[in-house]
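Thanks for asking me to look this over.

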Amino acid sequence: MTDDNIKYDVVGGPVRHVPVMLNEVLSCLQLTATHSNPLKIVDGTFGAGGYSSAMVEAGAIVMAIDRDPNAIRDGADLVSKLAGKLSLVSGEFRNLGKLAHENDFNNADGVVLDIGVSSMQLDEAERGFSFQKDGPLDMRMSQSGVSAADVVNTMKQSDLTRVIGILGEERRASHVSRAIVREREKMTFSTTLQLASLVEKTLGRRATDRIHPATRTFQALRIFVNQELEQLGEALFAAERLLKAGGRLVVVTFHSLEDRLVKLFFKDRTGSQEGSRHLPLVNHKDATFTIDGKGLLKASREEAEINPRARSAKLRWGERNENPAGKVDMSIFGLPNLVSLDALQLKGD
Ligand SMILES: C[S@@+](CC[C@H](N)C(=O)[O-])C[C@H]1O[C@@H](n2cnc3c(N)ncnc32)[C@H](O)[C@@H]1O
């Protein structure tokens with residue numbers, strides 16, 4: 001990122017994460033209109049506080065959540081600057097309902113999620129997210145639990161193939177996992193560049209390749225280690241229960257696996273799911289959200305030109321109605337059946 005891209009937040013310090021589709025987020029949350037009472041918004045992904053500070057500036061009261069202790073530490077100045085209008089809670093967004101309840105923040109007018117890693121997490125080599133910088137092979141947003149190195153050093157080859165193939169959408173996942181297993185007979189993986197160079201050596205790199213050969217393997221490990229799909233699925237149900245009638249749920253995603261979940265959720269909750277050819281449509285549910293058209297927005301061409309991260313962004317949103325929240329049913333997402341992180345944790349202990 002160049003210096004030109006550094007933005008300044010309301011506390012006046014440099015913010016390295018440039019918020020994506022901020023105007024669209026504010027508008028979907030109805031923060032561009034005037035309200036007699038301030039809107040109560042849960043920001044499930046505080047990051048550098050770009051959304052949170054803009055929402056407070058637009059008149060909202062915000063409860064923000066992040067699982068990364070660095071984001072919580074660095075957000076303290078903004079919290080004191082915006083005293084009374086912004087609270088920042090350490091936790092996982094899958095628990096956003098519980099966290100809101102504990103913080104007396106029920107009946108929210110809006111929930112926003114900006115999925116993925118922040119620029120700070122990617123840029124800091126010691127966090128281990130980047131295959132371009134040497135650092136510990138870590139990738140844990142919460143800085144606790146099973147690391148990417150634990151996965152690479154202990155997971156069975158067949159499970160590694162599935163994780164890399166499914167979560168990284170890597171067609172040659174079995175080549176990568178075989179190479180990892182052979183290599184770890186000789187050494188223990190501890191750094192990002194050890195893994196990146198092994199993947200590069202295994203898959204090769206053509207001059208025409210647009211992305212580094214390790215991109216997909218790193219994506220898979222990051223999603224697995226942070227249980228990103230499960231977190232997102234659970235957070236969508238939690239948001240449904242937390243929002244009051246007329247409240248808005250806004251989710252910004254950056255790749256197809258995540259966007260698919262949000263799309264399936266709104267399809268299920270707007271009652272627009274189609275009956276299968278083979279099964280009668282039973283258990284017809286009352287819709288709990290309404291969407292406008294497809295309920296889908298993309299970043300403007302101008303934003304995509306300035307901020308390359310915005311190019312793959314998709315924003316989906318819906319408005320909560322007065323019907324009671326539906327049943328929590330993670331099966332609507334058809335999540336892949338991968339080895340559990342807990343099983344790996346026990347093995348690693
Ligand atoms: C893309 S950044 C958000 C940037 C933010 N919108 C801004 O404008 O600065 C994503 C943030 O969400 C956090 N995060 C990701 N998954 C999370 C989860 N399951 N629970 C809580 N925080 C999470 C990450 O630690 C990261 O700080």
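The points below go from the domains to the core, then to individual helices, strands and residues.

1. A word on the model and its conventions. This is a predicted model, in which local features need pLDDT of at least 70 and side-chain atom pairs count only at pLDDT 80 or more, while totals for chains, interfaces and linings use all residues. Residues are numbered from 1 along each chain as its sequence is written.

2. Domains. The protein is divided into domain 1 (18–117 + 228–326) and domain 2 (127–226), with bounds that come from an automatic or database domain assignment. Their C-alpha centres lie 30 Å apart. Seven residues of domain 1 are in contact with seven residues of domain 2, where a contact means that two C-beta atoms, placed from the backbone, lie within 7 Å.

3. The nonpolar core. The largest such core has 92 residues, and those with the most contacts inside it are Val25, Leu96 and Val111. Helix H12 (residues 228–242) supplies the largest share, eight residues, and both domain 1 and domain 2 contribute at least three residues each. By definition, a nonpolar core is a set of buried Ala, Val, Leu, Ile, Met, Phe, Trp, Tyr and Cys residues joined through C-beta atoms within 7 Å. A residue is buried if 20 or more other C-beta atoms (placed from the backbone) lie within 10 Å of its own, exposed if 12 or fewer, and partly exposed in between. Helices (H or I, at least four residues) and strands (E, at least two) are DSSP runs, numbered from the N terminus. Not counting residues up to four places away in sequence, Val25 touches Tyr51, Val112, Val250, Val252 and Leu315.

4. Strand E7. How much of strand E7 (residues 243–253) is buried? Eight of its 11 residues are, so E7 is largely enclosed by the rest of the structure. Strand E6 (residues 108–114) runs parallel to E7 and is joined to E7 by six bridges; two strands pair if DSSP finds at least two bridges between them. In that pairing, Ala108 stands opposite Leu243. Six bridges also join E7 to strand E10 (residues 314–320), and these two run antiparallel. Here Val252 stands opposite Leu315, and both of these residues also touch Val25.

5. Helix H9. This helix (residues 173–184) has 12 residues and reaches 17 Å from its first C-alpha to its last, close to the 16 Å expected at 1.5 Å a residue. The expected span is 1.5 Å times one less than the number of residues. Ala173, Val176, Ser177 and Ile180 are the buried residues of H9. They cover an arc of only 95° around the axis, which puts them on the same side of H9; the arc is that of the directions from the helix axis to the C-beta atoms. Their packing partners are helices H7 (148–154), H8 (157–167), H10 (192–203) and H11 (215–225).

6. Helices H11 and H12. H11 is mostly covered, with nine of its 11 residues buried, among them Arg216, Phe218, Arg222 and Phe224. The buried residues of H11 pack against H7, H8, H9, H10 and H12. After H11 comes Gln227, whose phi is positive, near 50°. H12 has 15 residues and reaches 21 Å between its first and last C-alpha, close to the 21 Å expected. It too is mostly covered, with 12 of its 15 residues buried, including Glu228, Gln231 and Glu240.

7. Leu88. This residue lies in strand E5 (residues 86–90) and counts as buried, with 22 C-beta neighbours inside 10 Å. Leu88 and Ile65 are 23 residues apart in sequence and 5.7 Å apart in space, C-alpha to C-alpha. Leaving aside neighbours within four places in sequence, Leu88 is in contact with Phe46, Ala64, Ile72, Gly75 and Val79.

8. Two positive phi values. Most residues other than glycine have a negative phi. Met21, though not a glycine, has a positive phi of about 55°; Met21 sits in the loop between strand E2 (14–15) and helix H1 (22–28) and, with 23 C-beta neighbours inside 10 Å, counts as buried. Gln143 also has a positive phi, about 60°, and lies in the loop between helix H6 (119–123) and H7. Gln143 is exposed, with 12 other C-beta atoms within 10 Å.
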